[in-house]
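User: I would like to learn how to read some features of a protein model. Please take them one at a time.

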Amino acid sequence: MTDAVRDKVLHIADLHFWRMKFNPFKQLNKRALGNLNLLLRRRHEFVLESAEAHLAYVQTVGVPDAIFTGDFTTTSLPEEFALSRVFMQQAADVGLRSRAIPGNHDVYTFAAKRQDAFQYYLGEWTSGETLPVLYHLPGGTPVILVPTVCPNLLSSKGTIRPEEIDRTRSLMETVDSPVIVAGHYPLLTETPAYSLTPGRRLRGADTLRRVLGESGKTVLYICGHVHRFSYVADPQYANIRHLTTGTFFGRNHAQHRDGEFSELHVSDTAFSVFSHIHADGWRREAAPCT
Ligand SMILES: [Fe+2]
Ligand SMILES: [Fe+2]
């Protein structure tokens with residue numbers, strides 16, 4: 001065993017591409033509600049034009065593998081998916097090898113889920129298989145992508161079903177430690193950086209967390225959804241660390257930044273996390289696990 005870094009991978013979250021399309025008479029209730037919300041709150045938070053500039057910086061980091069943990073869109077509109085696809089294609093063109101899973105905003109309407117818009121527009125960056133899915137980084141590190149999203153009428157809850165947790169447990173038994181597990185929703189309800197209201201939590205989070213904890217393997221669970229950076233040790237299971245990464249190019253007033261992503265290093269025994277933060281230019285910081 002050595003502590004040499006065998007894999008590096010970027011974690012990018014919550015791009016939330018959006019296109020205004022406000023005509024409530026033509027739209028179903030949930031989408032009209034989402035656009036109202038977008039009009040009032042998100043308008044100044046997400047700056048589409050920043051995405052390409054931020055991608056140019058990502059290219060300079062020199063880490064070719066990336067995991068995108070969802071919320072590419074805001075209300076699952078075809079225009080938003082199309083923008084996401086353009087961005088992902090640009091990322092591929094500059095050499096990024098990406099894997100993507102959906103966030104709750106990518107299955108925002110039941111129609112989007114039924115038509116599987118995510119797979120249609122972003123299928124090049126999925127395996128096409130039903131989650132959970134296992135793959136390996138070039139240095140051998142296993143990555144398990146887990147399903148956590150479902151459409152809702154009004155809330156923003158996620159779901160991982162018992163059979164999906166069982167399949168995750170089976171995959172965990174086959175892999176070597178350490179392992180990265182990636183979902184959209186956090187497994188911890190709160191950390192010093194965020195607190196999840198009941199309507200934004202993952203159903204099944206405690207069960208999945210127990211499965212990861214009882215695996216005995218060294219686990220880094222990564223996700224987005226809360227739009228805050230947070231890197232903490234699990235309060236109950238010593239083998240799990242939890243990382244949430246904030247929005248890739250959205251403004252985060254609370255943490256004084258307008259874009260971020262994380263860089264993960266994996267050795268034979270441990271993980272290290274570096275935070276890339278955009279606030280008047282980019283800076284890279286080693287992130288301690290608290
Ligand atoms: Fe989000
Ligand atoms: Fe989300």
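Analyst: Start with burial: a residue is buried if 20 or more other C-beta atoms lie within 10 Å of its own, and exposed if 12 or fewer do. The model here is predicted.

User: Is Thr130 buried or exposed, and why?

Analyst: Thr130 is exposed, because it has 9 C-beta neighbours inside 10 Å. This residue sits in the loop between helix 5 (117-122) and strand 4 (133-136). Its C-alpha atom is 9.7 Å from that of Glu164, which is 34 residues away along the chain. For the protein as a whole, 44% of the 290 residues are buried.

User: How should confidence be read, and what is the average pLDDT of the protein?

Analyst: Where pLDDT is low, predicted coordinates should not be read in detail. In this protein the average is 89, and 89% of the residues score at least 70. Residues 21-28 have a pLDDT below 50, and the model gives this stretch eight contacts beyond near neighbours in sequence. Over residues 39-47 the pLDDT also stays under 50, with 11 contacts beyond four places in sequence.

User: Next, sheets. In what order do the six strands of the open sheet lie?

Analyst: In general, strands of a sheet pair through backbone hydrogen bonds, either parallel or antiparallel. Here the order is 4-5-7-11-13-12, with mixed pairing. Strand 4 and strand 12 (230-233) are at the edges; each has a single partner strand, so one side of each lacks a neighbour in the sheet. From one strand to the next, the twist averages 20°.

User: Which way do strand 5 and strand 7 run, and how many bridges join them?

Analyst: Strand 5 (residues 142-145) and strand 7 (residues 179-182) run parallel and are joined by three bridges. Leu145, for instance, has Ala182 of strand 7 as its bridge partner.

User: Now a helix. Which residues of helix 7 are buried?

Analyst: Helix 7 covers residues 205-214, and its buried residues are Ala205, Leu208, Arg209 and Leu212. Viewed down the helix axis, they fall within an arc of 100°, so they line one face of helix 7.

User: Finally, what share of the contacts with a separation of 6 or more joins residues 24 or more positions apart?

Analyst: That share is 72%. The protein has seven helices and 16 strands.

Notes
Residues numbered from 1 in each chain as written. Chains lettered and ligands numbered in written order. Predicted model: local features only at pLDDT ≥ 70, side-chain atom pairs only at ≥ 80, totals over all residues. pLDDT = per-residue confidence, 0-100. Contact = placed C-beta atoms within 7 Å. Helix = DSSP H or I, 4+ residues; strand = E, 2+ residues; numbered from the N terminus. Pairing = 2+ DSSP bridges. Axes fitted to C-alpha atoms, helices over the stretch in contact; angles between N-to-C directions. Arc of directions from axis to C-beta.
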